[in-house]
Amino acid sequence: MTVDNVPNVRTCITPLEENIRVLEQDRVGELSNKKKFNRKRKKIDVDIVIVGSGPAGMMAAITAAKQGVPSILLVDENHLIGGQLVKQSHKFFGSEEEKAGTRGIDLAVELMEQVNSVKTIQSMLKTTIIGCYNGKKNHKLIAIKRLIEGDQLIEINSKSVIFACGAMENMLAFPGNDLPGVYGAGGVQTLMNVYGVKPGKKVLMVGAGNVGLIVSYQLLQAGVNVDRVVEILPKIGGYNVHAAKLRRCGVPIYTSHSIKEVYGNGKVEGAILVAINNSFKPIPGTEQKVSCDTVCIAVGLTPSIRLLEQIGAKTEFIAEAGGHVAIHDSSMQTSVKGVYVAGDSSGIEEASTAMIEGQLAGISAATLLGYDKQADMLKKKYRKALEGFRSGPFGIKPKICKEKIACCWNGGINY
Ligand SMILES: Cc1cc2nc3c(=O)[nH]c(=O)nc-3n(C[C@H](O)[C@H](O)[C@H](O)COP(=O)(O)OP(=O)(O)OC[C@H]3O[C@@H](n4cnc5c(N)ncnc54)[C@H](O)[C@@H]3O)c2cc1C
């Protein structure tokens with residue numbers, strides 16, 4: 001939206017201020033002369049910079065600090081540390097060591113306290129990394145920090161970089177998908193669980209993977225009516241335990257169904273659903289209207305890799321990863337020396353595995369700088385834990401994803 005004459009502002013991460021003027025925008029933004037920009041540039045030199053303070057980024061920072069790395073910078077565009085965890089009010093699944101049974105929100109606080117208690121980790125919030133390149137000696141990252149007195153440009157020089165940028169939500173193309181009231185599931189979670197705002201009164205959920213099921217349940221907990229969940233596949237993609245909770249609350253889940261369009265005068269007033277055949281084509285004549293004021297899209301995530309591509313890391317399209325991912329070795333090192341990746345940026349998975357990958361990346365980055373205490377033993381331990389996670393029935397996709405990545409790393413796309 002346009003905020004105080006500045007176009008293309010991401011209002012979802014821009015704090016509200018007194019007398020702020022927010023306007024909708026239906027055009028290509030132009031740069032305004034009135035844009036507030038703090039002219040004082042800043043330069044920072046660090047040993048390791050970590051982009052993203054989700055579970056992967058926080059664990060990478062904590063692990064590198066434990067190894068003795070003297071200066072670590074953890075950067076995040078949000079005003080809170082924790083990535084996705086800050087909006088997850090449900091208890092996590094997974095192993096006890098990786099905090100199963102703990103709520104994502106509590107885990108974020110626990111890890112944030114650990115990060116804040118270490119003097120060698122500096123957290124820089126409300127700061128977006130907008131560019132990166134390889135300098136002669138170091139890697140250079142360009143950041144914009146949002147300050148009340150005006151945005152500030154920061155140049156970060158670092159010996160090593162860990163990209164733990166998470167993922168972006170997928171959208172669906174259908175008529176009316178730009179009407180106010182059509183949300184991504186992550187957006188709905190942020191509104192409800194971070195800002196305490198209900199997205200609407202009656203929701204149609206599209207997607208019955210874990211995200212769609214969990215967010216539907218959280219909507220019910222917030223007192224919002226969930227009309228139904230539709231899922232294009234012939235079976236539910238998420239865990240049965242989440243689906244069962246919804247059904248017990250009377251929310252039907254329609255498999256082999258999808259959304260055809262959303263209608264409404266200036267805002268969502270309803271949607272048209274359609275049944276889907278075995279070839280994933282809509283079956284004519286099966287259309288039905290559903291009245292609702294909110295449509296929530298939970299149809300998967302795509303790894304955030306734009307910065308990795310910019311710095312020159314080799315990427316490959318791997319369907320099981322959720323899209324293009326940076327090719328990396330078993331220490332999370334990408335094709336650019338000193339540049340590592342961890343968490344959803346390296347293939348969509350879970351917070352538990354993001355934490356372990358973060359630990360691996362943290363150890364590897366520290367080792368490169370000469371802080372290699374018990375590095376081999378620790379790496380073995382983390383790799384074993386990842387193997388354990390990926391050996392169960394829900395670990396098949398990430399397992400194949402990582403096998404394909406290893407295959408690419410070893411010189412070919414022979415999958
Ligand atoms: C509804 C839902 C339920 C889930 N339930 C579970 C569960 O029960 N158990 C489980 O293990 N997992 C669960 N997950 C998955 C888990 O949340 C993610 O896999 C995990 O958060 C990924 O961690 P990450 O550190 O890779 O990325 P994220 O947590 O996404 O963090 C990435 C951070 O990087 C920041 N960032 C990105 N680009 C930039 C940039 N250019 N500059 C600055 N900052 C940037 C982002 O703003 C974000 O804060 C769930 C996910 C969802 C959506």
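Modeller: A helix crossing is called left-handed if the near helix is turned anticlockwise from the far one by less than a right angle, and right-handed if it is turned clockwise. Helices (DSSP runs of H or I, at least four residues) and strands (runs of E, at least two) are numbered from the N terminus. The model is predicted, so local features need pLDDT of at least 70 and side-chain atom pairs count only at pLDDT 80 or more, whereas totals for chains, interfaces and linings use all residues. Residues are numbered from 1 along each chain as its sequence is written, and side-chain values use heavy atoms, with hydrogens and water left out.

I take helix 1 as the part in question. Two packed helices are described by the angle between their axes and the distance between the axes. Axes here are lines fitted to C-alpha atoms, for helices over the stretch in contact, with angles from 0 to 180 degrees between N-to-C directions.

Against helix 2 (residues 104–117), the axis of helix 1 comes within 10 Å and crosses at roughly 30°; this crossing is left-handed. M58, M59 and I62 of helix 1 touch A108, L111, M112, Q114 and V115 of helix 2, where contact means heavy atoms within 4.5 Å. These residues comprise seven nonpolar, one polar and no charged. In this classification Ala, Val, Leu, Ile, Met, Phe, Trp, Tyr, Cys and Pro are nonpolar, Asp, Glu, Lys and Arg are charged, and the others, Gly among them, are polar.

Helix 1 (residues 55–66) also packs against helix 7 (residues 351–368), the two axes coming within 7 Å and crossing at roughly 35°. The crossing with helix 7 is right-handed. From helix 1, P55, A56, M59, A60, T63 and A64 take part, and they meet A351, A354, M355, G358, Q359, G362, I363 and A366 of helix 7.

K66 and V9 are 57 residues apart in sequence, and their C-alpha atoms are 38 Å apart.

Of its 415 residues, 48% count as buried. The C-alpha trace spans about 65 × 55 × 40 Å along its principal axes. The radius of gyration is 22 Å, which agrees with the value near 22 Å for a compact globule of 415 residues; it is taken over C-alpha atoms, and the globule rule is 2.2 Å times the number of residues to the power 0.38. Among contacts between residues at least 6 apart in sequence, 61% join residues at least 24 apart.

Strand 8 (residues 151–163) is mostly covered, with twelve of its 13 residues buried. Strand 8 pairs with strand 7 (residues 139–145) in the antiparallel sense over seven bridges, pairing being assigned if DSSP finds at least two bridges between two strands. Within that pair, A143 stands opposite I154. Strand 8 is also joined to strand 21 (residues 339–341) by three bridges, here in parallel, and I162 stands opposite Y340.

Definitions and conventions
Buried means under 20% relative accessible area, exposed over 50%, partly exposed in between (1.4 Å probe, protein chains only).
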